[in-house]
Amino acid sequence: MSVMAQEIQEVKPTIFSGVPAVYRRFYEGYGEHVGVAFGPHIKYLFCGGARMDENIVNAYNNGGLKLLNAYALSETASTLAINYCDEED
């Protein structure tokens, strides 16, 4: 994970997409300071491929990062649905 974090610091992305395992590993490595791994330029984090653990989502969101669950069916269409963190269920 340290190589990926180093590359993120070099590239300075504003958007990052990953699967739950990636976000879990960042959380395990950085804890409540996970924002440091993504740098000050990041605006949105998209998580897809599987449902993300709600506790980890909350940790990211409480740390000021917008971690959004994205659902799509890429095999059949380009339709996408996003669970925004500021919307009520």
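How many bridges join β1 to strand β2, and do the two run parallel or antiparallel? In this predicted model, 4 bridges join β1 to β2 (residues 44–47), and the two strands run parallel; strands are taken to pair if DSSP finds at least two bridges between them. Residues are numbered from 1 along each chain as its sequence is written, and side-chain values use heavy atoms, without hydrogens and water. Local features need pLDDT of at least 70 and side-chain atom pairs count only at pLDDT 80 or more, whereas totals for chains, interfaces and linings use all residues.

The helices (H or I, at least four residues) and strands (E, at least two) are DSSP runs, numbered from the N terminus. The elements discussed here are listed below.

| Element | Residues named |
|---|---|
| β1 (residues 15–18) | covered face: Phe16, Gly18; uncovered face: Ile15, Ser17 |
| α2 (residues 20–30) | buried: Pro20, Val22, Tyr23, Phe26 |

Buried means under 20% relative accessible area and exposed over 50%, with partly exposed in between (1.4 Å probe, protein chains only). The buried residues of α2 are Pro20, Val22, Tyr23 and Phe26; they lie on the same side of α2 because they cover an arc of only 165 degrees around the axis, taken from the directions from the helix axis to the C-beta atoms. On the other side of α2, Glu28 and Gly29 are exposed.

Phe16 stands opposite Leu45 in β2, and both Phe16 and Phe38 are buried. Rings of Phe, Tyr and Trp (its six-membered ring) pair if their centres lie within 6.5 Å, with planes under 30 degrees apart counted as stacked, over 60 as edge-to-face and the rest as tilted. The structure holds 8 aromatic pairs; Phe16 and Phe38 form an edge-to-face one, at 5.4 Å centre to centre with 65 degrees between the planes.
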